[in-house]
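Dear colleague,

Here is the structure for your files. My notes follow below it.

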Amino acid sequence: MKTYLFIVLAYLVNITSAVSATFYVNNQAIGNDSNLGTSLDSPWETISKVNSYSFPPGSKILLKSGQVWHEQLNITVSGTASQKITYGKYGTGDSPLICAADLVSDGDWQLIYDADGKKIYEYSSSIRRPYGILENGELRSTIYSSSPETNLENLQTGWGTYWKLYYRKDTGVPSNIEVGKRIAIYIGADNIIIDGIDCRGPVGTHVDTEAYIKEPSVVYIGKDYDNILLKNMEIFFGSQKGISDGYLSGLTVYGAVNLDYRYLTLRDNNDTGLYFRASGSGFIWRCKAYNNGILVGNENTDSGGIGVQGCGPLSIYECEVWNNGRDTLSDDFAISIWNPKGKVQILRNYIHHTPGGGIGIWGKDTVYNSGHVIGANIIDSFGYTSSVSANPGKHSGISIQYQDNIKIYNNDISRGGDNQYSQGLFIRYNTENLMLRNNIFYENINADLYIYPSSTFTGFIANFNIYYKQDYSDNWKIDGTRYSSLNAYSSNTGYDTISYTDNPGFVSTLLTTKYGFVITPSSFAAGKGIGVGDVYHDFSGSPYLTPRAIGAYEAR
């Protein structure tokens, strides 16, 4: 009888483990990894326990709101297309937070330099590759080197060598210091949803489950894992390795397809906020990317909000991207597309206050280089960095190189800066059949349109655009010839024969927010456009009328 009962119980346990369930994780007193984890009264405690469990498809793993874990979440068990595995939150308060850093002991600092008002401390215990450094929850440094620092007296904040950690603290002693030790979330599975879990760096050495992964990102999606949805997350304080290669972003994606990102906030990462690399199809919707690539010590050129390399098809809709890159060192776009492998659609995004360029689609791939759509975007206050790019056009509102059949419709491109490579639209190298219609170029300091000399450039169609500014000197630069009036430019090139230099009539002259670009039925731009395909809704998401307005907003 006892043997029979044991067999029945074992059978029931196996059946239970194969059925989806909801699991709770709470690292306060109530949590314990010996609990069943399937009720609010008996939650698990650690992320380590979550990592060790094989969840059936359809399961939900919920972290308690308002709590912090200094662990790495490794997602290696896949769901199915119809029963995805979901990682989320329960309870009220702030979203749960997974940190890629560990606290170090306050008592283990030794003063090794004290002169000229400077105090440099060395952490007495060995820490393997201490990447980023936080003090009281604020990012101070992301400098790392594989060789010892030889000039510590010039140290500004923190410095890590292979085993040692140094920190400058001129008043008081180092306390509440965290050091990057890992990434926050690694996704190595298919059919996964993460909803409402925040992640913070600085990141450190990745705990590799795939030997070729080297990118120190806060969230990393492994190679060839598909059908991933991330939403309602804040991803911040991603660090960098200092003198090394790799992709040093808040969120890095490699080789996956069917990726869906919604309502993500990517901020204060030391490099690009969100980085797609060699991935397949993707969708980015209503995300925010700001203050990425601005920490002093980041001398990399990748400092944009959203970066894409070798991916597609891809849609980027209704995102806000601003203030990425340093004013004195910015050689990147707010949204950068390199060598796309399928159609890219960039629609209804608000890009503003970007020291580099707005949108760039570049690359030399001769197979997948056509059909992209840039429409109903507002690109405002760009190209004011004091750095000079080695690549002309890198600081422009929109820059196109080596790409064919591009449709640029109904964008507002305004207030470009005085950097010599800051143009409204820059076109270079073997770009054919580009259509430029219904766009407003507004008060850009340099040329609104620049077609680079010696470019293979055929099939260009430009009409129903508004070019408005106070000074039209050299406003149209076409294959080495400069024009300072719309009439001279259009009569000599045949472009923009039905375009205008009138004030479009925005509701605000200050343009401090996206709503300043609204136009009304009495605005000059109302009803002056032409119907086009691919861009059917204006910046607000409302349908364009017939005849449609010129610019990102329809007149209402």
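How much accessible surface does the chain have, and what share of the surface belongs to carbon and sulfur atoms? It comes to about 21,600 Å², with 49% belonging to those atoms (Shrake-Rupley method, 1.4 Å probe; for residues, only the protein chains shown count as cover).

This is a predicted model, in which local features need pLDDT of at least 70 and side-chain atom pairs count only at pLDDT 80 or more, while totals for chains, interfaces and linings use all residues. Residues are numbered from 1 along each chain as its sequence is written, and side-chain values use heavy atoms, with hydrogens and water left out.

The chain contains three helices and 44 strands (DSSP runs numbered from the N terminus: helices are H or I, at least four residues; strands are E, at least two). Of its 556 residues, 56% are buried (under 20% relative accessible area, 1.4 Å probe, protein chains only). Of the contacts (heavy atoms within 4.5 Å) between residues at least 6 apart in sequence, 72% join residues at least 24 apart.

Strand 34 (residues 398-401) is covered on both faces: I398 and I400 are buried on one side, S399 and Q401 on the other. Strand 34 pairs in the parallel sense with strand 31 (residues 357-362) over three bridges (pairing requires at least two DSSP bridges), and S399 has G360 opposite. Strand 37 (residues 425-428) also pairs with strand 34 in the parallel sense, over four bridges; here I427 stands opposite I400.

Regards

Note on methods. Buried < 20%, exposed > 50% of the residue type's maximum accessible area, 1.4 Å probe, protein only.
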